[in-house]
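Here is a walk through one protein chain, element by element. Keep the structure open and follow along.

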Amino acid sequence: MSSHEPFGTTAGIPLEAHVEELRRRCEAVARVQGGSTHYLEEVRLFRAYAGERGLGRVSGDFPELSRTPDDEGNEHQVWFQSETDTYMKVTWPDFFGMLVLYRQDEDERASPIAYLERWQLHNELFGDSVRFLGTLEKDGRLRLIIQQQAIKGEPATLAQINDFFTGSGWRRFTANGEVAYFDPERQVVISDTHRGNLILMDDGLLAPIDLRVQPLTGALLDYVVKACRI
């Protein structure tokens with residue numbers, strides 16, 4: 001059991017429930033406006049929600065933050081938690097990753113809400129158990145904290161990655177110059193499927209660990225269906 005178990009489901013609320021409520025709030029705003037919520041609106045909605053639910057943490061809640069990160073990437077700083085065999089990932093200040101696809105009038109950055117939805121879908125699609133631990137804020141800049149089980153193995157080859165997805169019914173296409181895959185049944189798209197993000201385990205199975213995952217609707221869904229020639 002994690003030493004951060006009280007934060008593992010942020011005071012008893014699982015990641016799925018956070019995402020469901022945040023999306024409900026986005027849909028309510030969208031109905032009033034007669035359109036979709038944009039990046040800054042979703043940041044505002046998330047901040048209000050986090051304040052209501054007491055999701056803010058301080059660095060002292062996480063002893064790992066007192067030492068140099070074990071790894072850094074485009075989206076996170078990462079600390080290994082040896083006592084639980086997990087990784088704690090903290091987003092860079094005011095950056096929550098990128099969308100797989102976006103409209104011309106839309107920000108290419110993922111909002112905090114889209115970021116959490118990504119991990120909820122990651123859990124659902126790939127059997128992961130990512131937990132949302134809360135938020136950190138310094139000088140008005142927001143960071144989100146998640147916890148993910150460590151996976152042992154080696155980076156999969158590009159051929160193995162392609163077989164992993166296409167063999168399960170995902171359709172391959174190109175999005176913004178990158179390889180992406182589309183699940184026509186769930187209407188979900190993924191990208192960032194480079195070798196470092198899929199691990200070949202000792203049992204021969206592949207484990208995705210850090211993919212961009214995004215549900216599609218409307219014009220973006222139509223675009224991908226055409227791109228995949230479905």
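**From a hairpin loop outward**

Asp139 sits in the loop between β4 and β5. The model is a predicted one. Is Asp139 buried or exposed? Its relative accessible area is 72%, and because exposed means over 50%, Asp139 counts as exposed. Its backbone also stands out. Most residues other than glycine have a negative phi. Asp139 is not a glycine, yet its phi is positive, near 55°. The hairpin of β4 and β5 that holds Asp139 has two residues between the strands.

Strand β4 covers residues 131–138 and strand β5 covers residues 141–149. They pair in the antiparallel sense over seven bridges.

On to the next neighbour of β5. Strand β3 (residues 86–91) pairs with β5 over five bridges, again in the antiparallel sense. Here Tyr87 stands opposite Gln148 of β5.

These strands belong to an open sheet of five. What is the order of its strands? Reading across, the order is β1-β2-β3-β5-β4, with antiparallel pairing. The edges are β1 (71–72) and β4. Each has a single partner strand, so one side of each is left without a neighbour in the sheet.

Asp85 lies in the loop between β2 and β3. With a relative accessible area of 29%, Asp85 is partly exposed. Beyond its neighbours within four places in sequence, Asp85 is in contact with Phe80, Gln149, Ala150 and Lys152. Gly196 lies 111 residues from Asp85 along the chain, and the C-alpha atoms of the two are separated by 19 Å.

**Helices across the sheet**

Helix α3 lies across β4 and β5, and runs at about 75° to β5. Helix α4 lies across β2 (76–81), β3, β4 and β5. The angle of α4 to β5 is about 5°.

The helices also meet one another. Two packed helices are described by the angle between their axes and the distance between the axes. For α3 (residues 39–53) and α4 (residues 112–126), the axes come within 7 Å and cross at roughly 75°. Why is this pair called roughly perpendicular? Angles of 65 to 115 degrees count as roughly perpendicular, and therefore α3 and α4 are described that way.

Which residues make the contact? On the α3 side they are Glu42, Val43, Leu45 and Phe46. On the α4 side they are Pro112, Ile113, Ala114 and Leu116. By class, the contact of α3 with α4 has seven nonpolar residues, no polar ones and one charged one.

**Further along the chain**

Strands of a sheet pair through backbone hydrogen bonds, either parallel or antiparallel. A second open sheet has three strands, in the order β6-β10-β11, with antiparallel pairing. Its edge strands are β6 (154–155) and β11 (206–208), and each pairs on one side only. Strand β10 (residues 198–200) pairs with β6 over two bridges. Glu154 has Leu200 in β10 as its bridge partner.

Strand β7 (residues 171–175) pairs with strand β8 (residues 178–183) over five bridges, in the antiparallel sense. Ala175 has Glu178 of β8 as its bridge partner. The hairpin of β7 and β8 has two residues between the strands, and Asn176 in it takes a positive phi near 55°.

β8 then pairs with strand β9 (residues 188–191), antiparallel, over three bridges. Phe182 stands opposite Val189 in β9. Four residues lie between the strands in the hairpin of β8 and β9. There, Gln187 takes a positive phi near 60°.

**The end segment and the cysteines**

Arg229 is in the segment after α6 (218–227). Arg229 is not a glycine, but its phi is positive, about 55°. With a relative accessible area of 79%, Arg229 is exposed.

Cys228 is buried, at a relative accessible area of 11%. Cys26 is buried too, at 3% relative accessibility. How many disulfides does the whole structure hold? The search finds zero.

Technical notes. Residues numbered from 1 in each chain as written. Predicted model: local features only at pLDDT ≥ 70, side-chain atom pairs only at ≥ 80, totals over all residues. Heavy atoms only, no water. Disulfide = S-S within 2.5 Å. Buried < 20%, exposed > 50% of the residue type's maximum accessible area, 1.4 Å probe, protein only. Axes fitted to C-alpha atoms, helices over the stretch in contact; angles between N-to-C directions. Parallel < 35°, antiparallel > 145°, perpendicular 65-115°, else oblique. Contact = heavy atoms within 4.5 Å. Nonpolar A, V, L, I, M, F, W, Y, C, P; charged D, E, K, R; others polar. Pairing = 2+ DSSP bridges.
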